[in-house]
Amino acid sequence: MSTQPDDRARAEAERLETLRKYQILDSEPEMAYDDLALLASHICETPMAAISLVDSDRQWFKARVNVQAPQTARSISFCTHAIEQRGIYIVPDASKDALLHDNPQVTGDPHIRFYAGAPLIAREGYALGTLCVFDRRPRQLTPTQLEALAALQRQVEAQLELRRRLFELREANENVLKLAGMMPFCSTCAFTMTIPADPAAIPAVTEGVNAMLTQKQWPENQIMAIELALQEAVANGIRHGCRGDKTKMVQCSVSIDADGEVMIVVRDPGQGFDPANVADPLAPENVLKPSGRGIFLINGLMDEVEYSEGGRQLQMRKRKS
Amino acid sequence: MTIVERRIGDVTVLDLQGRLVFDEGDRIFRARIDELLEQQRLRIVVNLAAVTYVDSCGIGSLVSKFVSLRRKGGDLRFVHVTPRSNRLLEITRLIGIFRIFESEDEAIASFSSESAA
């Protein structure tokens with residue numbers, strides 16, 4: 001690949017950011033990972049195996065078979081090379097490898113000769129670390145062993161994904177509880193939805209609100225206004241708050257109280273923004289700009305609009321007329 | 001969003017159907033106008049009769065392509081603007097900028113009174 005140094009640095013920063021999302025570095029050993037590393041060493045008939053995660057300046061082992069150190073410097077790591085590529089990285093004899101022959105793990109303890117590392121790929125496509133097997137003598141893996149190692153790699157990836165989903169669900173759940181807590185007690189009708197940051201998911205929310213207001217016999221023009229304000233708010237959350245990352249979530253709560261006031265809260269996980277810095281789309285120099293009308297529309301369509309949490313949360317209200 | 005294209009002389013009529021919204025609808029619309037720009041078909045009438053929903057991104061795509069066509073000596077004109085879309089164009093002050101017609105014939109004829117783009 002002919003990537004520029006800047007691109008490489010950016011990709012590495014994003015890879016590390018992705019790795020943090022698993023909250024796995026320095027976590028306690030877990031049997032699921034230990035078992036998979038053990039199976040890899042048995043199937044590949046190597047005395048040593050590990051599940052490594054490559055951090056900025058170290059590789060840390062989530063699981064180890066006959067490996068003493070809990071982590072090693074990245075500078076002497078084999079796995080740091082393995083994550084540079086896709087597919088299993090094989091070093092038949094490290095003492096004859098141009099890149100690794102003078103590596104302290106080859107010249108000294110544990111005198112590694114053979115290494116095979118299967119990169120563990122995150123859902124974003126970044127390699128987090130490897131499932132690797134190694135030996136003190138030069139050798140190769142049979143096609144069957146390679147196939148099995150790839151299958152075990154997929155199992156480790158599935159474990160990692162499960163771990164991350166669990167954290168995401170926990171966070172989403174906490175946010176939903178927080179949103180629900182903001183809804184007035186007297187609300188006669190309410191729903192809360194958490195949707196992926198995917199534009200295709202917006203109609204589920206807007207149509208839900210439309211159905212709710214129609215059932216409450218709100219006037220059609222008001223329903224349209226609220227639906228559009230919500231469309232704009234959720235679209236902003238997806239585009240700016242989540243930067244189109246479909247793995248992120250936008251939360252939305254809607255309630256109607258007994259006095260006929262609808263209240264909508266939309267929340268995204270982004271960096272937020274300062275509503276005061278949004279340009280006026282009606283200014284002559286902005287009328288023909290391709291974007292910048294969303295917030296203006298929300299403000300015009302709803303009775304009250306309030307941003308909180310640094311712009312990450314939008315609360316808007318409209319009274320039935 | 002689906003777009004049916006008809007060519008009447010050097011005018012292209014686009015019948016839009018569905019939601020002109022973030023992001024599918026506005027993406028499809030932009031891509032279609034870009035194709036026409038490449039083919040030097042610069043006189044375009046957009047029929048909004050069957051557009052059920054427009055948001056700020058949809059408006060943004062209309063503005064952006066209106067500007068691109070104007071720059072090349074063409075124009076994007078509108079016909080059968082529903083009350084709902086019309087309201088949005090009013091709020092965003094585009095009503096005085098876009099040329100909007102009651103009938104398709106009028107919209108097409110408006111180009112013929114001008115010299116070829």
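## Packing of helices α7 and α8 in chain A

In this predicted model, helix α7 (residues 220–241) of chain A and helix α8 (residues 294–301) of chain A have axes that come within 9 Å and cross at roughly 150°. The crossing of α7(A) past α8(A) is left-handed. Two packed helices are described by the angle between their axes and the distance between the axes.

On the α7(A) side, the residues in contact are A:Ala225, A:Leu228, A:Ala229, A:Glu232, A:Ala233 and A:Asn236. They meet A:Gly294, A:Ile295, A:Leu297, A:Ile298 and A:Leu301 of α8(A). Sorted by class, this contact comprises eight nonpolar residues, two polar residues and one charged residue.

## Interface between chains A and B

Chain A contributes 21 residues that are in contact with 22 residues of chain B. The size of an interface is often given as the accessible area lost when the parts come together. For chain A and chain B, the buried area is about 1,900 Å², and 67% of it lies on carbon and sulfur atoms. Zero salt bridges are counted between chain A and chain B, whereas four residue pairs, both residues at pLDDT 80 or more, are in polar contact across this interface.

Which elements of chain A give two or more residues to the side that touches chain B? They are α6 (202–215), α7 and α8 of chain A. Of the elements, α7(A) gives the most to this side, with eight residues. The side of chain A that touches chain B divides by class into 13 nonpolar, three polar and five charged residues.

## Backbone features in loops

Most residues other than glycine have a negative phi, and most peptide bonds are trans.

A:Pro110 lies in the loop between α4 (104–107) and β5 (114–121) of chain A. The loop between α4 and β5 of chain A also holds A:His111, a residue other than glycine whose phi is positive, near 55°.

B:Asp23 is located in the loop between β2 (11–20) and α1 (24–38) of chain B.

Conventions:
Residues are numbered from 1 along each chain as its sequence is written. Chains are lettered from A and ligands numbered from 1 in the order in which they are written. This is a predicted model: local features need pLDDT of at least 70, side-chain atom pairs count only at pLDDT 80 or more; totals for chains, interfaces and linings use all residues. Side-chain values use heavy atoms; hydrogens and water are left out. Axes are lines fitted to C-alpha atoms, for helices over the stretch in contact, and angles run from 0 to 180 degrees between N-to-C directions. Helices (H or I, at least four residues) and strands (E, at least two) are DSSP runs, numbered from the N terminus. A crossing is left-handed if the near helix is turned anticlockwise from the far one by less than a right angle, and right-handed if clockwise. Contact means heavy atoms within 4.5 Å. Ala, Val, Leu, Ile, Met, Phe, Trp, Tyr, Cys and Pro count as nonpolar, Asp, Glu, Lys and Arg as charged, and the others, Gly among them, as polar. Buried area is the accessible area (1.4 Å probe) that two parts lose on being put together, summed over both. A salt bridge is a side-chain nitrogen of Lys or Arg within 4 Å of a carboxyl oxygen of Asp or Glu. A polar contact is a pair of N or O atoms within 3.5 Å; within protein, one must be able to donate a hydrogen and the other to accept it, and residues adjacent in sequence count only if both atoms are side-chain atoms.
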